[in-house]
Amino acid sequence: MKFRRRLKHFYRDTNGWSLVTIILALVITVPLWIIALHLGDGVGDMWQHITRYFLFSYLLNSAVLLLGTGLLSILLGLGAAWIVTQYDFPGRSLSTWLLFLPLAIPSYIVAYTYVGTLGNGGTLVHWWQALGLPLRRIEMMNIWGLIWVLSISLYPYVYAATRAIFLHYPTALRENVLLLGGNEANYRWKIAFPLATPAIIGGVFLVYMEVFNDYGAAKYYGINTFTTGIFRTWTALEDLQSAVYLCAVLLLVVLGLLGLVRWWQGRRSYAVKLAAADTAQQQRISLHGWSAAGALAWVSIPVIGGLVLPIGQLLYWASLTYATQWNTTLIRTAGHSCLLALTAAAVTVLVALILHFSSRWNNWSPLSTTTKIATIGYVLPGAIIGISIIRSNQGIIDFFTRYFNWSVGYLFYGSGVVLLYAYVFRFLAVAYQPLAAKLYQQGHRLSEAAELLRANKWRSLWRVELPLLRPALFSTFLLVFVDVMKELPLTLILKPYHVHTLAVTTYAYA
C-alpha cells in the first residue's frame, strides 16, 4: 500500500522536465563518473614509484599550503572586513572597494610579479640598491612565498563573506555588551567573530578550493602539490591511470573538507534575533589621529600587496616591452581568449537557466539533490576535471577505432568543444547560484499569475521572468567570463593545439 502511494505521488510530481533535468545533470557530471569507473582498472605502472618518492611531499606541501593560506587569508580578510564595517576613518570608502580587486588578478600572475619585484635584480630591489641599501633580494620561490602569494590573491573570499555579515550587525548588539559590563574586545572576540563563523568557514573553503586548483604559481615556485603532481604524472611519467588515482585521492580530500564544514556547522544557530526597532543601520566608530592611521595602514597592506604591487610591476614591464610585444600575435591571442570566454560564459549561463527552470517546472523533490550534484564542479580542481575528461575521451576514441575503424580523435583534441564542456562543468555553480538566489527572491507569484491568465510556461519565461533576470544574467555572465579568462590548469590540459589564450601564453613565457 505504501509503495503504491509513493508510485502514485511519483507519477503526479514528475513530467518531461524531470527527465531533462536528470539527463542534463548526468551529462554534465560525466567527469565524476569516469573517475569512479576507472578506479577499478587498477593502479598505473608508475604508481609504486609515485607513492614511494612523491606522494608524501604532495600531502605535506598541500597541508602546509592549506594551513598557512587559510590562517593568513583569515587574518587579512577578517581584519579588513571588521575595520571597514565598524570604524570610520579617512580613506575607508575607497578601501572598502579596493579590497575586492585582488581577486581579479590570477594568483600565477601575482607570483610572477613578486619574483620580478623582489627577486634577484628585481625592480624594487634595484631601487633599494640605488638608495644605498645592502639588499640583494627577498627569496620568494619557496613554500612561504607561495603561501603569501596565494593569501594576498585569495583573501577577498573571506573579506567579502565576513563583510556581508558584519554590515548586518545592529548597533544594539554592541550596546548590550557594553551595558552588561563588557568592552570592545569582549564584543569582538566573544560575540561578533563567533557569529561570523559560517561566513569565515565558507570563505576559507573557497580559498582552499582555489589553492587546490592552483598550478601556475606552485609550478613556477617549484613546490610539489597534488595539482603539479597530477600534471607531472600525466606528462613527464606518461601514466594516465596513476594520474586518475591521484585525482581520486585529491577528490577524497576535497569531499572530506566539505564534510568537515557541514559537520562543523551542524545544527548550530548563528541568527541574531532582535526586535524590529533594533535593526537600524549600525553606527561606525569614528577614528582620529594614530588610530585612524593604524586602521588605514592595516587595510592598505592587502591592497598594496595584492593590487598595487602586481599592477605596478606589470605596467613597468609593459612600458619596457611595449614596442616589441604589441603585435598581431598578441592581438590574436587576446582574441582567442575573449572569444573562448564569451562562448563559455554564454553556454554556461544558458545551461544554468535550463537546469533551474527544468527542475522548477516539476514537483519531484529529489531533483534538488540532482541539481546540487550538477553544480559540484566548482569545488573540484581543474586538474581533476581535465584528466577525467581526457580519460573519458580516450575511451570513446578507442571504442570507435576498435569497432568501426573510425579516427575521431580530432573531434576531441582538434576542436574547442571538449574545452567548452569542461568550462561548463567547472563554472556551472558560478552561474547557477546567483540566478537561483534571484529566482527564489522573485518567488512563484508572477509565473502563477501568468498561468492564471492562460499564458504557458514558455511565454511566462520569455515575457516576465527573463526580463526581471536581466541584471542578474549580466552579472553572472561577467563572473563566468572573468573566471574562464583566468583559468589555467583546465585550459592547459584540454586546449586544442592551435588555440592560444592569454593565461597559457603567460605561463609559457614565465
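The following dialogue explains how to read several features of the predicted model shown above.

Q: Which conventions apply to this model?
A: The model is predicted; local features need pLDDT of at least 70, side-chain atom pairs count only at pLDDT 80 or more, and totals for chains, interfaces and linings use all residues. Residues are numbered from 1 along each chain as its sequence is written, and side-chain values use heavy atoms, with hydrogens and water left out.

Q: What pLDDT does the protein average, and which elements have the lowest and the highest mean?
A: pLDDT is the predictor's confidence in each residue, from 0 to 100. The protein averages 77, and 78% of the residues score at least 70. Where pLDDT is low, the predicted coordinates should not be read in detail.

Q: How is the packing of helix 12 and helix 13 to be described, and at what angle do the axes cross?
A: Two packed helices are described by the angle between their axes and the distance between the axes. Helices (H or I, at least four residues) are DSSP runs, numbered from the N terminus. Axes are lines fitted to C-alpha atoms over the stretch in contact, and angles run from 0 to 180 degrees between N-to-C directions. Here the axes of helix 12 (residues 184-195) and helix 13 (residues 197-213) cross at roughly 55° and come within 5 Å. The two helices are therefore oblique to each other; angles under 35 degrees count as roughly parallel, over 145 as roughly antiparallel, 65 to 115 as roughly perpendicular and the rest as oblique.

Q: Which residues of helix 12 and helix 13 meet?
A: Phe193, Pro194 and Leu195 in helix 12 meet Thr197, Pro198 and Ile200 in helix 13. By class, this contact of helix 12 with helix 13 has five nonpolar residues, one polar and no charged. Ala, Val, Leu, Ile, Met, Phe, Trp, Tyr, Cys and Pro count as nonpolar, Asp, Glu, Lys and Arg as charged, and the others, Gly among them, as polar.

Q: Is Thr501 buried or exposed?
A: Buried means under 20% relative accessible area, exposed over 50%, and partly exposed in between (1.4 Å probe, protein chains only). Thr501 has 6% relative accessibility and so counts as buried. It lies in the loop between helix 26 (489-494) and helix 27 (502-509). Not counting residues up to four places away in sequence, Thr501 touches Thr333, Ser337, Leu340 and Thr491. By contrast, Leu206 is partly exposed, at 29%; this residue is in helix 13.

Q: How many salt bridges does the structure hold?
A: A salt bridge is a side-chain nitrogen of Lys or Arg within 4 Å of a carboxyl oxygen of Asp or Glu. The structure holds two. In one, Arg92 pairs with Asp88, the closest N and O atoms being 3.7 Å apart; Arg92 is buried at 13%, whereas Asp88 is partly exposed at 32%. Arg426 and Glu487 also form a salt bridge (3.8 Å, N to O). This pair links distant parts of the chain, 61 residues apart: Arg426 is in helix 22 (residues 417-442) and Glu487 in the loop between helix 25 (470-486) and helix 26. Arg426 is buried at 1% relative accessible area, and Glu487 is buried at 4%.

Methods: Contact = heavy atoms within 4.5 Å.
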